[in-house]
Amino acid sequence: TTDYDLLIVGSGLFGAVFAHEATKIGKRCLVIDKRSHRGGNVYCEKIEDITIHKYGAHIFHTNDKFIWDYVNQFTTFNHYINSPVTLAKGRLYNLPFNMNTFYQLWGAITPEEARAKINVQIDRFGVANPANLEEQALSMVGKDIYETLIKEYTEKQWGRKATELPPFIIKRLPIRYTFDNNYFNDTYQGIPVGGYNKIIDGLLEGTEIRLNTDFFDDRSYFESLAETIVFTGKIDEYFDYQFGELEYRSLRFENEIINSSNFQGNAVVNYNDATVPFTRIIEHKHFEFGKQPQTVITKEYPESWSSKKEAFYPVNDKKNQAIYKQYCLMAKDSKVIFGGRLAEYKYYDMHQIIASAIRKFKTEYCETK
Ligand code: FAD
């Protein structure tokens with residue numbers, strides 16, 4: 001017999017939800033994480049008594065009442081609504097594209113005026129079968145919105161020309177003909193009061209966890225500890241990169257403490273222009289309607305990735321998808337349960353990760369035992 005029923009590699013949301021579900025039915029779990037803290041990318045820390053989302057701003061949103069109730073077991077959410085603004089050539093515009101934006105762009109006052117403006121440009125610049133991101137955007141929102149608010153930001157974010165990016169990156173570009181700055185369409189939205197750590201602590205209560213512990217430092221020892229392994233790290237690393245390395249886009253975060261109670265008046269301000277090296281500034285206190293005397297801001301710089309950096313966004317082009325498919329076939333043949341954003345090489349929002357962990361726990365663990 002083994003020491004544990006389950007070894008869970010990674011204490012991010014996927015691993016923590018999986019551990020919680022397994023512990024609930026009496027399974028003995030060991031969670032390991034190579035970082036010095038639990039929670040993966042939702043981990044928060046305090047600076048000047050302000051909650052900082054260490055790996056980028058995280059806003060919880062979902063339409064699924066079950067998932068909303070699930071996270072609310074562990075903490076209380078505030079009523080934060082994400083309403084970013086973007087700075088382009090010295091002017092501020094509301095996001096997502098809505099009547100406020102159209103007024104700021106063209107002085108359009110009625111939905112009819114705005115619609116007419118956009119449709120004329122789509123007719124003139126759009127193409128039937130967009131072959132790249134630029135053509136896709138021109139076909140969906142026309143030239144003014146694309147050139148003023150999309151092109152430079154997107155090129156900075158991906159480090160490539162819009163004409164060299166695949167069209168599906170912006171498959172959905174929501175346009176609203178109402179004065180509605182709420183970025184997400186979901187029924188439930190908010191930020192956990194005090195940050196995400198309480199959710200992770202709640203999920204992992206009663207579960208043994210070892211931090212600063214990398215699975216690959218002693219793979220055979222860890223494999224011998226438990227009957228079942230749940231792996232939430234990088235799938236290419238798990239299979240020794242035998243089909244090549246999967247590529248990511250990385251981010252660098254620069255924090256500054258500022259001696260002012262309010263730096264930018266909003267939690268999220270995007271910087272559209274190519275001349276500014278960062279894509280956005282996060283002012284964390286506004287996520288919590290904070291009244292602290294000082295403020296902490298984070299500049300977010302997109303960066304090319306190397307294996308020494310944090311992997312943030314998968315690069316979903318043909319080359320990487322083809323490599324991932326090969327790893328996926330190997331994963332299907334193994335007894336290990338692969339889950340989460342790194343093992344599935346996929347961008348997931350938090351609510352999707354929770355749903356996926358609960359589903360995989362049922363289908364890939366419970367139903368096979
Ligand atoms: P992770 O959180 O990455 O957890 C994986 C864990 O495994 C890590 O702790 C890692 O250290 C550990 N690990 C990896 N390899 C090993 C190993 N070999 N040995 C031991 N441990 C290992 N979602 C939203 O819903 N709203 C948002 O606003 C939002 N904003 C985001 C902003 C940014 C910049 C990014 C990058 C993501 C954002 N997300 C957002 C998505 C959210 O971060 C993810 O859905 C979630 O964190 C994924 O959880 P995970 O468990 O799959 O991965």
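## Exercises on a predicted model

The centres of domain 1 and domain 2, taken over C-alpha atoms, are separated by 35 Å.

**Exercise 1.** State which residues belong to domain 1 and which to domain 2.

*Solution.* In the domain assignment of the chain, domain 1 is given as 4-79 + 189-247 + 314-368. Domain 2 is given there as 96-170.

**Exercise 2.** Describe the open sheet of 5 strands, and find which strands stand at its edges.

*Solution.* Begin with the order, which reads β9-β2-β1-β10-β16, with parallel pairing. Because β9 (208-210) and β16 (337-338) each have a single partner strand, they stand at the edges, and one side of each is left without a neighbour in the sheet. Next, take the pair formed by β1 (residues 4-9) and β10 (residues 226-231), which are joined in the parallel sense over 5 bridges; here I8 stands opposite V230 in β10. Finally, helix α1 lies across β1, β2 (29-32), β10 and β16, and runs at about 165° to β1.

**Exercise 3.** Work out how helix α1 packs against helix α10.

*Solution.* Two packed helices are described by the angle between their axes and the distance between the axes. For α1 (residues 13-24) and α10 (residues 350-365), the angle is about 45° and the axes are 9 Å apart, which means that α1 is oblique to α10. The crossing in which α1 passes α10 is right-handed. On the α1 side the contact is made by L13, F14, V17, F18, E21 and A22, while the residues they meet in α10 include M350, I353, I354 and F361.

**Exercise 4.** Describe the open sheet of 7 strands and its pairing.

*Solution.* The strands follow the order β7-β6-β12-β13-β14-β11-β15, and their pairing is mixed. β7 (91-94) and β15 (313-314) stand at the edges, each with a single partner strand, so one side of each has no neighbour in the sheet. Within the sheet, β11 (residues 248-258) and β14 (residues 295-304) run antiparallel and are joined by 10 bridges, with I257 standing opposite V296 in β14.

Notes: Residues numbered from 1 in each chain as written. Predicted model: local features only at pLDDT ≥ 70, side-chain atom pairs only at ≥ 80, totals over all residues. Heavy atoms only, no water. Axes fitted to C-alpha atoms, helices over the stretch in contact; angles between N-to-C directions. Helix = DSSP H or I, 4+ residues; strand = E, 2+ residues; numbered from the N terminus. Parallel < 35°, antiparallel > 145°, perpendicular 65-115°, else oblique. Left-handed = near helix turned anticlockwise from the far one by under 90°. Contact = heavy atoms within 4.5 Å. Domains from an automatic or database assignment. Pairing = 2+ DSSP bridges.
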